[in-house]
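Notebook open, structure loaded. Today I'm looking up helix packing and a pocket, and jotting things down as I go.

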Amino acid sequence: MAGEYKENLIIDGHKLHLHPDKVVQWQKTGDCYPIHIEIGVSNNCNQDCVFCALDFTRGKKNIETGAMLRALEDMAKHEVRSVMFGGEGEPTIHRDLGLFVQKAKEYGLDVALTTNGVGFTQKLQEQCLPHLSWVKFSIDAGTPEMYSKIHRVPKKHFSILMENISNSSKLKREKNLPVTLGTQFLMIPQSSNKEELEGVIRELNAAKPDYLSIKPYSDHPKSEKELIVDDNTYKKLERSLWELKSKANFEIIFRKASIERIQEGNKYPECYGAPFISLIDSGGNILPCNLFYGMEEFTYGNINEKSFSEIWEGEKRKEVLDKLRGIGVKNCRSGCRCDAGNRYLHRLKKPQPHDSFS
């Protein structure tokens, strides 16, 4: 609904309960093939954002095309259900991103893309949008000046981004495409004020995405950034959104549940979610999550050397999962992608009184 402001648990929660076969398999065996895999097709980036938690991975590496295509087909055959091209760099830099998106969908995978949007050209829009379930553009500012300050790029990048969102929206309407066009505003000290939100709403009203997600910043353990805003700032932003909702012609999602989980910290002893979500980096390494970039001892294997299924069923991955259980989550990122799912799985492992009553 245009102008609607709400919490959205489909974005802010987990979806494990929608895949009961995977959860039952995990309950019986402790393992399963993943539901979702995030793929970093490049560790290069065309921006230098102040909030980037993965700037320590930056380089000029692009995933090998043949290995990627073989892995996508193998994933689909083994009931992986979705892939998202994002990862440690900007995915639109890879020359074969359009091919990856098309083939992933052809093989039977649901496909998504996260991007800063500046390189999402008309050619990529035409190649990707018909095959994507969703695409999410990072905005984080409401003016060219603030965008330039946060993304550390020329001011013109802001207008390029808005034009690409607008053109994507136009293509979606003209072709009646089922893709959801999302935008994301990260709450960091530089951008967390009502004036920036007013600017974002004004710009997006013209660009016509489907929604705007207001997301809290979460520290990566390897990052030395201090960008988490205080609780009072969160509350002010939420009040501002209530005031501004009538001015928006798109849905606004304030990720309050994520804020609360980040503030609470991890409420479970280990990462139960590792079998359900995984990551492939630009070098072809399969990892549990972005906490382990560049750490060979926590790498399951490499798709340039073995098939995805060989790696997933291999001894090295079993050894890594044992290590993860041993170290627990005390050094993990609060509010990570597995957090909501981990809370759900922990409840299955440790049922509470009255759980059997509806």
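This is a predicted model: local features need pLDDT of at least 70, side-chain atom pairs count only at pLDDT 80 or more; totals for chains, interfaces and linings use all residues.

**Helix pairs, then a pocket**

I started with α2 and α13, which pack at an angle of about 50 degrees, their axes 12 Å apart. Angles under 35 degrees would count as roughly parallel and 65 to 115 as roughly perpendicular, so I put α2 and α13 down as oblique to each other. I also looked up the hand, and the crossing of α2 and α13 is right-handed.

Who makes the contact? From α2 I noted Val-23, Trp-26 and Gln-27, and from α13 I noted Leu-345, Leu-348 and Lys-349. By class, that contact of α2 with α13 splits into four nonpolar residues, one polar and one charged.

Next entry: α3 and α4. Helix α3 covers residues 65–77 and helix α4 covers residues 97–107, and I get an angle of about 20 degrees with the axes 9 Å apart. An angle under 35 degrees counts as roughly parallel, so that is what I wrote for α3 and α4. Their crossing is right-handed.

For the contact, α3 brings Thr-65, Met-68, Leu-69, Leu-72, Glu-73 and Ala-76. On the α4 side I listed Leu-99, Phe-100, Lys-103, Ala-104 and Tyr-107. The contact of α3 with α4 comes out as eight nonpolar residues, one polar and two charged.

Last entry: the second largest pocket. Its volume is about 240 Å³. Which residues lie nearest its centre? I found Trp-26, Gly-30, Glu-270, Tyr-272 and Arg-325 there, out of 14 lining residues. Trp-26 was already in my notes, from the contact of α2 with α13.

How values were computed:
Residues are numbered from 1 along each chain as its sequence is written. Side-chain values use heavy atoms; hydrogens and water are left out. On a 1 Å grid over the protein atoms alone, a cavity is a set of points where a 1.4 Å probe fits but cannot get out, and a pocket is an open set with protein on both sides within 12 Å along at least five of seven lines; lining residues have an atom within 4 Å of a point. Grid points are joined across faces, edges and corners, and a volume is the space filled by probe spheres set on the points. Axes are lines fitted to C-alpha atoms, for helices over the stretch in contact, and angles run from 0 to 180 degrees between N-to-C directions. Helices (H or I, at least four residues) and strands (E, at least two) are DSSP runs, numbered from the N terminus. Angles under 35 degrees count as roughly parallel, over 145 as roughly antiparallel, 65 to 115 as roughly perpendicular and the rest as oblique. A crossing is left-handed if the near helix is turned anticlockwise from the far one by less than a right angle, and right-handed if clockwise. Contact means heavy atoms within 4.5 Å. Ala, Val, Leu, Ile, Met, Phe, Trp, Tyr, Cys and Pro count as nonpolar, Asp, Glu, Lys and Arg as charged, and the others, Gly among them, as polar.
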